[in-house]
Amino acid sequence: MEIRTFLDFLGLAEKLKCNTRHSWTSSGRHESVAEHSWRLVLMAYLVKNEFPDLDIGKVMLMCTVHDLGEAVTGDIPAFEKTEEDSAVEANAVERLLAHLPAQERGELTELFAEMEAQETQEARLYKALDKLEALIQHNEADLSTWLPLEYDLQMTYGTRECAFSEYIKRLRDEVRRDSCIKAGITVNQE
């Protein structure tokens with residue numbers, strides 16, 4: 001890749017470090033989009049042995065770039081995001097990828113299409129981990145940062161996305177148990 005193109009694209013992607021998410025860290029500050037993506041990549045690596053038939057490198061790349069559009073749009077919490085917001089974010093991704101050479105642009109365009117279609121196990125794993133990372137982060141943040149609707153969201157968010165894998169469902173159940181302990185609530189897990 002031409003050096004100026006490389007540096008210019010990194011400059012655009014750097015905004016993921018600056019743009020914060022709704023989630024709070026355990027130290028009491030908003031997390032950045034980049035921090036969320038970083039830990040998502042780590043999560044994909046850590047579950048690789050549970051999914052020996054999957055291309056974990058591809059899953060890790062999905063985790064790395066999945067919120068790239070938020071470098072332009074910023075983060076909109078899932079409970080507020082509309083279809084229109086998703087379309088604006090997809091357009092932002094397209095505009096960002098236009099800065100890349102044809103090969104990288106093509107590869108990432110295909111990857112985003114695969115992620116959107118949710119037809120491959122790799123795409124399903126990335127999406128489930130994305131939901132779980134947000135829940136885990138909420139559990140690590142101070143309870144005072146939770147909005148009232150988040151007590152219910154901690155029990156329901158990501159359930160559909162996690163249903164594709166017994167391992168991921170068990171992980172989701174454990175995160176849910178942590179949420180109950182954190183919030184001091186009792187919920188029937190059945």
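This is a predicted model: local features need pLDDT of at least 70, side-chain atom pairs count only at pLDDT 80 or more; totals for chains, interfaces and linings use all residues.
Local features need pLDDT of at least 70, and side-chain atom pairs count only at pLDDT 80 or more, while totals for chains, interfaces and linings use all residues. Residues are numbered from 1 along each chain as its sequence is written, and side-chain values use heavy atoms, without hydrogens and water.

Start with α6, residues 83–97. Helices here are DSSP runs (H or I, at least four residues), numbered from the N terminus. Glu89, Ala92, Val93, Leu96 and Leu97 are buried in α6. Buried means under 20% relative accessible area, exposed over 50%, partly exposed in between (1.4 Å probe, protein chains only). Down the axis of α6, the buried residues fall within an arc of 130°, so they line one face of the helix. That arc is taken from the directions from the helix axis to the C-beta atoms. On the other side, Glu83, Glu84 and Glu94 are exposed.

Now salt bridges: a side-chain nitrogen of Lys or Arg within 4 Å of a carboxyl oxygen of Asp or Glu. The count is 15. Take Arg39 and Glu133, at 2.9 Å, N to O. This pair links distant parts of the chain, 94 residues apart: Arg39 sits in α3 (residues 33–46), Glu133 in α8 (residues 121–140). Arg39 is buried at 18% relative accessible area. Glu133 is buried at 0%.

Compare Arg4 and Asp8, at 3.0 Å, N to O. They are four residues apart in helix α1, so about one helical turn separates them. Arg4 is partly exposed at 46%, and Asp8 is partly exposed at 42%.

Last, a network: salt bridges link Arg21, Glu31, Asp67 and Asp75.

Methods:
Helices (H or I, at least four residues) and strands (E, at least two) are DSSP runs, numbered from the N terminus. The expected span of a helix is 1.5 Å times one less than its number of residues.
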